[in-house]
Amino acid sequence: MNRRNFLKTGMLGAMIAASPISISALDEATRKASPSGRLNLSFRPYELQLKHAFNLARSRRTTTPGVQVQIEYDGIIGYGEASMPPYLGENVASVTEFLSKLDLGQFTDPFRIEDIHEYMESVAPNNRAAKASVDIALHDLTGKIMGQPWYKIWGLNPERTPNTSFTISYDSDPAEMKKKIEETAPFKVVKVKMGVGHDKETVEALRRYTDVPICVDANQGWNDRNKALEMCHWLAERNCLFVEQPMDKAAIDDTAWLRERSPLPIIADEFLQRLPDVRRAAQAYDGINIKLMKSTGMHEAYQMATLARALGMKVMLGCMTETSCAVSAAAQLAPLADWADLDGNLLIANDIFDGMKIVDGKVTLCDRPGIGVIPV
């Protein structure tokens, strides 16, 4: 029995076992699971509006360009998304150009995710966010065909999801800074963006309101390893869990030096893109931050998390500013993570999906099939 027939039979068997069902419903399920259709890709630009300006070490922005993707197969639709903050090197034009080159109609089986990834790599290198949008839509589609969310397909325990951090950055306007801090109240971990020249000031402002654990993302903003080490010791005294990408991604030797001396774990972000980078990261970092927009989607992100675990590294699951589509896709991997930073949908004002939730600060998965989202 091949994979498709096994999945089709398993799905129908589960439907029969769950409740009485009519023959016509079985016929409909069989039709939707049949391999007679072809994949139909469509996409459109969609700009994400941030609730607050993002002040980072090397940029400031109030919007993030994005592209929304759909893959239809025999009447079933899978949703995907590309989000492109400037440092990724992608934009709406590059993503739509890449997607326009794809001929997914040549595939009659949406479960051939590995083959489709190989095909996308043959069309053009890089374009990681564009490829992630297709990958996410394929996982949503195939999960819907199977009638199961992907965390269940992977055999993961939803009770093991971590708390997510909620991200704030420095603002020179005291009223705006106060507003940002007040928004962290429902969360059990706060992520502080650093490397902008007001690092201690931001933490001290936060500590006037709350003593919840923090994590720090310097976004390559610390240029001197001795000062970076001093900051790590200072942060360790203020209930900090770890420091993410403290120095330039090219400063591997300095980062390794820092890791040997730091009282806090050092986590790779900009240094890490795809699966081959995981072993390199093990030379200088305690853990990795996996993001779907860098890893080309869920397929490779799962492999990266598995390899990092095998190497004894910590796993963090992150996101860009994204709708609930991409965030919910990443959340399917959350039971594999030590830490999560899955707040991208909470930082925008124009989400167009309903998906995973944050309940009492914890990443909470639902039983909807696929990646667990519905358009709103």
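**Group meeting: a walk through a predicted model**

Good morning. The protein chain before you contains 14 helices and 17 strands. Please keep in mind that this is a predicted model. Of the 376 residues in the protein chain, 58% are buried. Among the contacts in the chain with a separation of 6 or more, 69% are accounted for by residues 24 or more positions apart.

Let me begin with the sheets. Strands of a sheet pair through backbone hydrogen bonds, and they do so either parallel or antiparallel. Both senses can be shown here.

Strand E4, which spans residues 66–73, is joined to E5 by eight bridges, and the two run antiparallel. As an example of these positions, Gln70 has Tyr79 in E5 as its bridge partner.

I would ask you to hold Tyr79 in mind for a moment. Which kind of aromatic pair does Tyr79 form with Phe353? The ring centres are 5.4 Å apart and the planes stand at 65°, so the pair is edge-to-face. Tyr79 belongs to strand E5, residues 76–83, and Phe353 to strand E14, residues 353–354, so the pair ties together parts that are 274 residues apart in sequence. Both partners are covered: Tyr79 counts as buried at 13% relative accessibility, and Phe353 counts as buried at 8%. The count of aromatic pairs comes to seven. Elsewhere, Trp150, Trp154 and Tyr302 form one aromatic cluster.

We turn next to the eight-strand sheet. This sheet is also open; its order is E6-E7-E8-E9-E10-E11-E12-E13, and its pairing is parallel. Its edge strands are E6, residues 165–168, and E13, residues 339–340, and each of them pairs on one side only.

Consider strand E9 within this sheet. Is E9, residues 240–244, mostly covered or mostly open? Four of its five residues are buried, and the strand is mostly covered. E9 pairs with strand E8, residues 214–217, in the parallel sense over three bridges. Ile214, for instance, has Cys240 in E9 as its bridge partner. Between these two strands the chain crosses from E8 through helix H9 to E9, and this β-α-β crossover is right-handed.

On to the next pair. E9 and E10 run parallel and are joined by two bridges. Here Glu244 has Ile267 in E10 as its bridge partner. The chain passes from E9 through helix H10 to E10, again in a right-handed β-α-β crossover. Helix H10, residues 252–261, has as its buried residues Thr255, Ala256, Trp257 and Leu258. These buried residues pack against helix H9, residues 225–236, and strand E10, residues 266–268.

Leu317 stands opposite Ala340 in E13. Helix H13, residues 298–310, lies across E12 and strand E11, residues 287–290, and runs at about 170° to E11.

Ala301 lies in H13. Why does Ala301 count as buried? Its relative accessible area is 0%, and the cut-off for buried is under 20%. Leaving aside residues up to four places away in sequence, Ala301 touches Ile290, Leu292, Ser295 and Leu333. Its C-alpha atom is separated by 8.6 Å from that of Ala330, a residue 29 places apart along the chain.

I close with the nonpolar cores. The largest has 113 residues, and those with the most contacts inside it are Leu104, Trp222, Leu235 and Leu342. Helix H5, residues 128–146, gives the most to this core, with 10 residues. Leu104 touches Leu39, Leu41, Ile71, Ile116, Tyr119 and Val134, again not counting residues up to four places away in sequence. Apart from this core lies another, of six residues, among them Val189, Cys215, Phe242 and Ile267.

Thank you for your attention.

Conventions:
Residues are numbered from 1 along each chain as its sequence is written. This is a predicted model: local features need pLDDT of at least 70, side-chain atom pairs count only at pLDDT 80 or more; totals for chains, interfaces and linings use all residues. Side-chain values use heavy atoms; hydrogens and water are left out. Two strands pair if DSSP finds at least two bridges between them. Contact means heavy atoms within 4.5 Å. Axes are lines fitted to C-alpha atoms, for helices over the stretch in contact, and angles run from 0 to 180 degrees between N-to-C directions. Buried means under 20% relative accessible area, exposed over 50%, partly exposed in between (1.4 Å probe, protein chains only). A crossover is right-handed if, with the strands pointing away from the viewer, the path from the first strand over the helix to the second runs clockwise. A nonpolar core is a set of buried Ala, Val, Leu, Ile, Met, Phe, Trp, Tyr and Cys residues joined through side-chain atoms within 4.5 Å. Rings of Phe, Tyr and Trp (its six-membered ring) pair if their centres lie within 6.5 Å; planes under 30 degrees apart count as stacked, over 60 as edge-to-face and the rest as tilted.
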